[in-house]
Amino acid sequence: MAERARPAAGAGRSPVLKRRSDLGIVLKVGALALVVLGAAPFFLDIYSVNILIRALFLAALALTVDLLWGYTGILTFGQSAFFGIGAYACALVFTHWGFGAGWAVLALALGIVAAMAVAALAGWLAFYHGASPLYGSIVTLALPIVLTQVVFAGGRTTGSSSGLSGFPTYYWTIEIWFWVAGAFLVVVTGLAWLFVRSDMGRILVAIKENETRCAYLGIPVPRIKILLFVVAGGIGAIAGFGYAAFTNVVAPELTGFLLGTELLIWVALGGRGTLIGPVMGAILIDVTSSYLSGGLPFYWKLLVGILFVVVIVALPQGLMPVVANRWRRLVRSAENEAETPVLEVASPRDRAHDEEQPLDVRNVHRNFGSLQVLQGIDFIANKGELLSLVGPNGAGKTTLIRCLADGHERSGGDIAIYGQALGRWPPDRCVALGIGRKFQAANVFATLTVAECLRVARYRLDRPSVWARKSVLALPEAALRIVEETGLAKTLEVEARQLAHGQKQALELAMVLALEPSIVLLDEPTAGLTRVERERIGAILTSLTERERLSILLVEHDLDFVREISSRVIVLHQGRIVLDGSVEDVVGSDLVRQIYSGGVYGERSEES
Amino acid sequence: MVGVLVLDIVTTAAILFAVATGLMIILGVMKLINFAHGAFLTIGGYAAYVATSLGWNPWLAIPFAALVGFLLGVIVEHVIVRPLYARPLDAILATWGLGIIIGQLITIGFGRQVQFVESPISGAIDFLGQSYSLYRLVLVVLALAMGAALTALLYFTRFGLNARAVIMNEDLARGLGIDSTKVRLLTFGLGAALASMAGALITPLISVDPNLGLPWLVNSFMLVLVSGVSIPGLMVAALILGGAQVIVSTYFSAILGGLTIVVIAAVILRVRPQGLTSG
Amino acid sequence: MNAPTIRLGISGLTSGYGEAIVVRGVNISVAPGEIVALLGKNGMGKSTLLKTVMGFLTARSGRIMLDGSDITGVPPHRIARQAVAYTPQEQAIFQDLTVGDNLRLGQPEAAWFDEELARIGQVFPFLLERLGQRAGTLSGGEQKMLLIARALMARPRLMLVDEITEGLQPSIIERLANALVAERKRTGVSMLLVEQNIRFALDVADRWTVLKVGEIDDEGDSADQDAAARIAGHLLV
């Protein structure tokens with residue numbers, strides 16, 4: 001059961017929030033891993049240790065791929081490019097400039113900076129609002145190809161196709177290298193683990209699940225993806241640096257497309273989105289490949305290829321289902337133990353602009369080529385108004401909603417929210433101006449729990465932690481009311497996809513209200529609801545206009561519903577506003593009658 | 001010199017076009033990027049090798065390769081691609097995995113060494129004082145023939161009409177009695193056949209090894225994304241991007257030339273995500 | 001000879017999208033040669049019902065029978081090949097294909113295309129003049145006539161028509177009404193017309209049914225004196 005805590009009267013800010021993190025678990029497991037790694041070289045032969053060191057560096061790289069692909073849904077072929085940048089930074093500096101502690105630091109820094117710069121550029125190219133995931137993958141595909149060619153073009157400097165070898169490096173004992181690689185992997189894995197289990201980690205999953213919904217919740221998706229890509233690039237570069245320093249050889253294969261796809265295979269087989277799976281998968285497969293490289297390499301590669309295809313087609317969870325499932329159950333049960341967040345009222349954000357008009361739409365039009373979907377749309381919305389948008393199919397209602405929530409959508413005209421121009425802002429910025437959009441089909445995050453969905457919705461106003469989970473979920477009064485009245489408060493730990501249809505609609509509405517919007521846009525909120533649910537939604541919407549003084553704009557076909565709850569009605573027909581008035585004005589209008597039924601029996605309607 | 005440059009551009013464009021058509025119709029009908037495309041090219045190359053090793057007329061290698069490609073394509077669509085209809089990114093990976101499988105099977109069967117395939121036509125002709133490979137010129141004719149045949153298939157046959165209907169609106173097509181599953185199956189087979197045929201066509205120029213298809217894969221698919229689903233569009237894209245590649249290779253460096261298509265395509269798609277020809 | 005007395009039998013049909021139930025336990029039957037109008041406001045489940053009959057949506061429960069054989073859950077292309085012509089409300093023609101190609105696609109077997117084309121040319125002569133023209137360049141009313149022509153050319157035994165009159169001028173609506181009635185007389189085709197235009201529905205159909213929130217709310221014969229008034233009561237605000 002969730003409890004409600006109210007901040008003390010007069011308190012301007014929420015109480016200090018407790019954070020739960022897995023730091024304890026990570027430290028314990030990490031320490032254990034380090035101990036195992038510490039002892040390992042003494043039990044294994046030199047050949048194995050050698051192979052393992054390379055595998056450990058590659059596993060760290062595979063981990064970055066899992067973060068990008070398994071968690072965030074970015075199919076990337078490009079992590080090998082950053083690995084290669086780090087490796088070549090090492091080789092180039094040591095070969096052509098000098099060797100020593102200072103040079104090593106310089107080389108590492110250069111590698112990281114170069115990788116991050118390339119990642120930022122590629123990210124800017126690939127992850128923009130409205131980019132298709134396919135295009136993003138294409139850019140990540142182009143990266144290693146371009147880089148490999150750059151290496152080839154480097155002639156003597158880069159060693160071209162033969163690469164560079166024998167450059168001065170740290171000729172430490174094999175045990176020390178093992179410990180260095182192992183510690184690096186453990187640290188990276190530990191940090192990544194904390195990150196994916198934190199509130200910010202849930203944002204990544206939300207992006208993978210439903211990027212559109214994230215954008216309309218004010219989450220700057222492109223920026224997050226680029227940042228993640230840059231960080232992953234940096235880590236990849238470090239791994240590459242270590243690899244090159246140890247093996248003392250660099251070749252274009254390290255930057256290449258084939259390595260990039262190998263990484264995806266390891267992650268897929270190990271189990272995407274599990275972190276440990278890809279790490280183990282990478283180590284296991286790479287070590288086995290190295291052992292078999294003398295014997296029957298082609299049969300091994302064939303087997304890996306077959307397994308890969310089988311996994312993609314039939315077992316998206318990966319080949320370690322036993323491990324993966326047990327792992328997931330462990331993770332979920334660890335979360336369920338006393339981890340239900342406590343619901344609390346959030347102190348409302350500052351509404352300085354109260355005197356201005358909530359919504360002012362002037363001469364908005366939208367065409368698709370020569371097809372005019374909306375023309376000359378002019379209207380205003382006041383505070384506390386429940387404005388219904390009605391009209392036959394194809395009248396342009398949903399298009400108008402889209403124009404209000406996304407600055408790119410309209411072809412012309414001006415929209416101002418509380419005096420501030422919508423301009424060409426993408427959806428996440430429109431949320432900042434005060435727009436909250438609820439979609440017609442319940443648009444939530446299927447694999448996240450109710451509490452997590454709500455927390456994601458609070459991104460803008462309650463920045464999530466990158467290493468922990470907050471134990472308190474603060475929601476504004478309106479959202480909290482919905483959560484409690486519809487029984488969602490009892491299902492905070494249930495995954496959203498298991499909710500009934502009516503509950504999902506309520507959850508999405510609560511998420512939109514969690515944004516503390518000034519204007520709420522709803523598209524057919526009663527679609528598919530039972531009579532009881534309709535009445536409840538009607539009451540909720542009415543109370544929102546009365547208590548919170550929100551402006552609500554709703555597109556509806558159910559004219560009974562419209563008549564009951566609206567304070568004003570706008571009728572759209574063939575892209576124009578034909579009527580804008582009170583409910584009585586519209587209900588009694590002959591024009592509306594004609595538009596809707598194409599002529600009543602007994603009346604001869606004139607040819608238009 | 002300019003004459004030779006122009007010939008290089010035209011022949012390169014023709015080769016790119018021939019190689020990319022198979023990928024394009026699969027993308028059009030099935031909305032899917034077939035990453036096994038490179039492997040089908042390789043299969044075509046080896047089919048040609050087998051045909052010529054058996055002493056057949058080298059020209060027969062081409063339809064033979066097409067047949068092998070078609071049969072394999074039909075099997076692949078049924079087993080691997082169909083379950084992934086709703087997961088396009090996963091389909092890219094699965095077809096890539098398939099490409100690996102095919103590559104390894106070929107290596108196991110034929111060994112890793114490079115094989116040479118006899119060219120159906122050898123020799124060169126004199127062009128403005130320079131000597132130019134006759135086979136390359138013949139390829140231009142063959143590529144145009146491929147384009148013409150495909151256009152005829154799409155616009156003059158019932159299958160073609162059905163396929164175009166499925167490309168435009170699959171649900172509407174189904175509601176009119178078109179078995180879109182069968183159309184997809186045959187289209188994939190056709191796309192694989194075209195790829196194999198292209199593989200057989202280009203092997204006299206570049207020799208055959210298990211990794212034959214790989215460099216063509218990325219270039220083809222960049223071309224197809226830029227051109228959109230349109231035969232003339234693909235010809236134009238092949239000319240423009242192929243031309244750019246030739247110019248960069250000739251005047252700057254061959255290595256940078258290899259990058260040209262990829263880089264230019266990525267930029268074009270950023271600016272016009274729908275490609276050059278749609279809208 | 002036992003001729004089936006029901007051409008289309010929908011019993012206890014329930015379906016929807018995702019978890020939303022849009023059609024609840026609906027029973028409708030259409031006799032051979034009968035035209036039934038299905039009326040209701042937007043969002044009441046009319047289109048969903050047609051899509052379920054046509055196999056685009058899976059029925060959660062209930063049965064759909066076509067001349068005695070069960071077509072519940074049969075894929076759309078197989079149903080179309082059983083002489084069922086479906087004209088959807090949206091995206092109903094291929095805008096980038098020619099008028100001729102659109103018409104051709106109406107028939108899975110091209111066997112009687114020329115014959116049917118000649119016949120349709122008498123009902124909608126303008127089509128014969130525009131065979132090579134891109135369908136997207138036709139006006140809204142012409143596109144709807146193309147749609148009906150395509151359906152009629154398929155020699156259907158059952159037509160499922162979704163809001164064909166939407167957005168059309170009365171003169172064109174009248175032409176369509178005449179075409180449908182004449183076709184029924186000529187071939188005995190059955191029709192289930194989804195509509196919001198009361199006058200058209202009562203002019204063409206023999207019987208009418210009103211769908212409200214996914215359930216049948218009222219039904220009757222078109223000949224009833226109070227039919228129009230009753231339906232209007234359900235449809236208007």
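pLDDT is the predictor's confidence in each residue, on a scale from 0 to 100. That score is a handy place to start, since this is a predicted model. Chain A has a mean pLDDT of 85, and 89% of its residues reach 70 or more.

**Confidence along chain A**
- Over residues 1-17 of chain A, pLDDT stays under 50, and the model has 24 contacts beyond four places in sequence for this stretch.
- Among the elements of chain A, the lowest mean pLDDT, 44, belongs to strand β1 (residues 4-5), while helix α10 (residues 221-247) has the highest, 95.
- A friendly caution: where pLDDT is low, the predicted coordinates should not be read in detail.

**The build of chain B**
- Chain B contains 11 helices and two strands.
- Read from the N terminus, the order of elements in chain B is α-α-α-α-β-β-α-α-α-α-α-α-α.
- Chain B is as compact as a globular protein of its length, because its radius of gyration of 18 Å is close to the 19 Å that the globule rule gives for 279 residues.
- Along the principal axes, the C-alpha atoms of chain B fill a box of roughly 60 × 45 × 35 Å.
- Of the 279 residues in chain B, 52% count as buried.
- Among contacts in chain B with a separation of 6 or more, 76% join residues 24 or more positions apart.

**Where chain B meets chain A**
- The contact draws 29 residues from chain B and 28 residues from chain A.
- On the chain B side, α4 (88-110) and α11 (254-271) each supply at least two residues.
- α4(B) gives the most to that side, with 14 residues.
- By class, the side of chain B that touches chain A has 22 nonpolar, five polar and two charged residues.

**The largest nonpolar core**
- This core has 368 residues, and those with the most contacts inside it are A59(A), A62(A), C453(A), A510(A), L223(B) and L193(C).
- Helix α1 (residues 2-30) of chain B provides the largest share of the core, 17 residues.
- Domain 1 (22-255) and domain 2 (359-597) of chain A both give residues to this core, so the core lies between them.
- Leaving aside residues up to four places away in sequence, A59(A) touches L185(A), V279(A), A282(A) and I283(A).

Conventions: Residues numbered from 1 in each chain as written. Chains lettered and ligands numbered in written order. Predicted model: local features only at pLDDT ≥ 70, side-chain atom pairs only at ≥ 80, totals over all residues. Helix = DSSP H or I, 4+ residues; strand = E, 2+ residues; numbered from the N terminus. Rg over C-alpha atoms; globule rule 2.2 N^0.38 Å. Buried ≥ 20, exposed ≤ 12 C-beta atoms within 10 Å, placed from the backbone. Contact = placed C-beta atoms within 7 Å. Nonpolar A, V, L, I, M, F, W, Y, C, P; charged D, E, K, R; others polar. Core = buried A, V, L, I, M, F, W, Y, C linked by C-beta atoms within 7 Å. Domains from an automatic or database assignment.
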